[in-house]
Amino acid sequence: MSLLRLRDIHLAFGGPELLNGTHLNLEKGERVCLVGRNGTGKSTLLKVISGQIKPDDGQIEMSPGTRIAWLEQEVPQGTGGSVYDVVASGLGKVGELIQQYHHLTEELASGSEAAFNRLESVQKALEAEDGWALQQRVEATLSKLSLEGEVAFEAQSGGVKRRVLLARALVQEPDILLLDEPTNHLDIESIAWLEEFLLGYKNCVLFITHDRSFLSRLATRIIDLDRGQLTSWPGSYQTYLQRKAEALEAEAAEWERFDKKLAQEEVWIRQGIKARRTRNEGRVRALQAMRKERAQRRERQGTMNATIQQAEISGKKVIEAKHINVSFNGRPIIQDFSTLILREDRIGIIGPNGVGKSTLIQALLGRLKPDSGTVELGTNVEIAYFDQLRAQLDEELSVRENVSQGSDTITVNGQNKHIMGYLQDFLFSPERARTPVRALSGGERNRLLLAKLFTQPSNLLVLDEPTNDLDIETLELLEELVDQYQGTILLVSHDRAFLNNIVTSSIVFEGNGKLAEYVGGYDDWLRQRPKAAPAPATEKQYAEPQADTPAKPQAKPGKKLSYKDQRELESLPQTIESLEQKLESAHQQLADPTLYQQAQEKIAELKQQAEQLEQELETAFERWEQLESLKNSE
């Protein structure tokens with residue numbers, strides 16, 4: 001029996017229905033991803049499921065005793081106290097008693113007699129509510145998520161706060177866990193930890209995300225909210241993309257046939273006497289029905305139609321940094337870092353939140369003077385800078401005023417364009433273009449900042465967390481625009497797919513102010529990094545401790561390849577390709593929702609097989625690098 005069933009749900013807030021006859025079933029053990037454009041009602045649907053919003057019509061059916069917990073997109077205003085307090089608050093009134101008991105025991109340890117008197121009454125209240133088991137659940141949840149209960153919630157980083165809020169949801173032991181953009185503003189390490197946690201979570205998860213790597217690894221089913229209609233797509237994300245594209249093509253073809261027939265019928269009705277004959281009344285009624293159907297059609301929201309303006313090409317050398325050092329309050333941020341960035345380089349900057357990625361950008365652009373060392377910009381460098389804090393936007397001005405600077409036209413690639421038409425290319429309607437920035441959503445603010453950024457020609461594009469709050473379709477369009485850019489790119493992002501698809505080399509923060517450069521994107525860095533490097537990864541080291549890995553054997557000076565080594569080197573690319581194909585097949589099987597209807601032994605066997613293939617692939621890469629090193633030293 002399904003945990004939850006939505007039947008013919010309708011909901012509107014004065015405009016077109018956000019939910020128009022929606023149907024949905026959720027089963028135990030599923031990990032379902034809800035996708036759709038910004039503003040289509042994804043978060044609203046989660047609120048309907050959690051009971052925060054009552055639909056206008058339809059039925060919500062749940063199995064008896066089903067518990068639902070929701071992790072909001074943003075940290076709720078006014079959330080304070082210790083981490084222990086925040087987690088315990090997930091248990092409602094009993095949680096308040098648990099908080100009191102926890103604080104009183106701390107006071108008692110310091111010798112407070114008043115605490116002893118109050119402790120007795122709280123103990124009785126807890127016993128009456130059967131609260132001791134719940135108190136143990138709070139402590140077990142804190143331990144499971146590696147959280148310190150006594151530290152202040154407000155003093156924690158964004159990633160830790162999200163983990164605390166997740167603990168608050170989990171302490172309720174929900175049958176259905178709702179997650180609204182759980183990776184937003186998390187660094188890669190935190191995202192990797194969350195992935196591993198959810199992969200081992202046994203109950204139902206319904207989540208919204210714009211992180212394609214996160215989606216692809218977790219989802220066993222995808223549901224798509226489009227113009228009020230909810231459709232279910234079993235299988236992987238790639239399968240969904242293919243089938244969704246086919247469905248849209250079929251819809252467009254059907255609408256084209258319908259519009260052609262309607263036009264023909266409109267011509268016929270205007271012929272006059274023939275249309276008024278009694279025997280044609282049925283045709284007239286059919287035309288009226290077609291007109292009504294056409295009027296009720298909901299067109300799909302358009303896509304962003306943007307262009308990044310190119311300035312004249314810069315000199316070959318864009319940025320050269322030599323032995324720069326930056327520290328803050330005595331803590332090293334950047335230590336003895338040197339780099340040479342050339343024209344058309346595409347550099348990704350990788351590291352945890354708060355490590356100094358934005359500081360590095362400021363130093364490289366010459367906006368922050370290093371404590372020591374030098375930074376030199378090349379000739380004819382024109383910079384366009386996307387700031388993750390959106391400091392370039394004036395909250396009190398309207399969308400139009402932020403972009404136009406008082407003018408009615410914008411120059412795009414040498415041609416004048418009216419400001420309202422330009423903003424419509426970024427999906428701002430005339431009404432929305434007159435709205436103050438303070439009233440915009442996070443996704444709209446990012447689109448506005450892109451609109452402002454792209455008004456200026458550049459040959460050095462600096463993007464500091466550009467993907468936050470963007471829906472997947474807009475994100476993929478931005479990725480395409482950036483990929484076509486002819487200049488130099490500096491990109492800070494926690495979106496692993498975005499990094500893999502854009503950058504050709506990466507600068508990685510490896511701890512204690514040390515930075516290192518690697519060829520390729522995020523996945524390429526994972527293969528190349530030193531085994532002991534403390535940095536973000538998608539491996540299990542964030543879920544459980546791993547045994548130390550022996551250091552990779554180093555090539556001995558002067559040693560040459562033997563005939564056997566040469567044959568092995570020639571065969572390794574084929575071996576690696578074969579292992580990658582087997583691993584991809586295993587991942588596809590793990591992403592198949594029907595797998596999770598089989599015995600747990602079969603699932604565990606397949607997961608073990610995938611882990612073994614990953615180890616074999618890593619060993620093969622290491623051996624290939626070792627033999628290549630020997631070959632190059634000859």
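I count a residue as buried under 20% relative accessible area, exposed over 50%, and partly exposed in between, using a 1.4 Å probe and protein chains only. With that set, I looked up Ser 146, which counts as exposed at 58% relative accessibility.

**Ground rules.** I am working on a predicted model, where local features need pLDDT of at least 70, side-chain atom pairs count only at pLDDT 80 or more, and totals for chains, interfaces and linings use all residues. Residues are numbered from 1 along each chain as its sequence is written, and side-chain values use heavy atoms, with hydrogens and water left out.

**Whole chain.** I took helices (H or I, at least four residues) and strands (E, at least two) as DSSP runs numbered from the N terminus. The protein chain has 21 helices and 20 strands. Of its 634 residues, 46% are buried. I then checked contacts, meaning heavy atoms within 4.5 Å. Among those between residues at least 6 apart in sequence, 68% join residues at least 24 apart. For the surface I used the Shrake-Rupley method with a 1.4 Å probe; for residues, only the protein chains shown count as cover. The protein chain exposes about 32100 Å², and carbon and sulfur atoms supply 47% of that.

I call two strands paired if DSSP finds at least two bridges between them. Six strands form an open sheet with mixed pairing, in the order 5-6-7-3-8-9. Strand 5 (68–71) and strand 9 (229–234) are the edges; each has a single partner strand, so one side of each has no neighbour in the sheet. Neighbouring strands here are turned by 20° against each other on average, direction ignored. For such angles, axes are lines fitted to C-alpha atoms, for helices over the stretch in contact, and angles run from 0 to 180 degrees between N-to-C directions.

Strand 8 (residues 221–226) pairs with strand 9 in the antiparallel sense over six bridges. Ile 223 stands opposite Ser 232 of strand 9. Helix 1 (residues 42–50) lies across strand 3 (31–35), strand 5, strand 6 (176–180), strand 7 (204–208), strand 8 and strand 9. Helix 1 runs at about 155° to strand 6.

**Cysteines.** I searched for disulfides, defined as pairs of cysteine sulfur atoms within 2.5 Å. The whole structure has zero. Cys 33 is buried at a relative accessible area of 0%. Cys 204 is also buried, with 0% relative accessibility.

**Cores.** I define a nonpolar core as a set of buried Ala, Val, Leu, Ile, Met, Phe, Trp, Tyr and Cys residues joined through side-chain atoms within 4.5 Å. The largest has 52 residues, and those with the most contacts inside it are Ile 98, Val 138, Leu 166, Leu 177 and Leu 198. Helix 6 (residues 158–170) gives the largest share of this core, six residues. Another core lies apart from it, with 47 residues, including Val 403, Leu 450, Leu 499 and Val 508.

Beyond its neighbours within four places in sequence, Leu 198 touches Arg 31, Leu 177, Leu 179, Val 205, Phe 214 and Leu 218.

**Strand 12.** How many residues of strand 12 (residues 346–350) are buried? Five of the five, so the strand is largely enclosed by the rest of the structure. Both faces are covered: Arg 346, Gly 348 and Ile 350 are buried on one side, Ile 347 and Ile 349 on the other. Strand 12 runs parallel to strand 18 (residues 488–492), joined by four bridges. Here Ile 347 stands opposite Leu 490. Strand 12 also pairs with strand 19 (residues 505–509), again in the parallel sense over four bridges. There Ile 349 stands opposite Ile 507.

**Leu 491.** I stayed in strand 18, where Leu 491 sits. Leu 491 is buried, at 0% relative accessible area. Leaving aside neighbours within four places in sequence, its contacts include Ile 347, Gly 348, Ile 349, Leu 463 and Pro 466. Leu 491 and Ile 361 are 130 residues apart in sequence, yet 9.3 Å apart in space, C-alpha to C-alpha.

**Positive phi.** I came back to Ser 146, which is not a glycine but has a positive phi of about 55°. Ser 146 lies in the loop between helix 5 (132–144) and helix 6. Asp 336 also has a positive phi, near 45°. Asp 336 belongs to strand 11 (residues 331–342), and at 46% relative accessibility counts as partly exposed.
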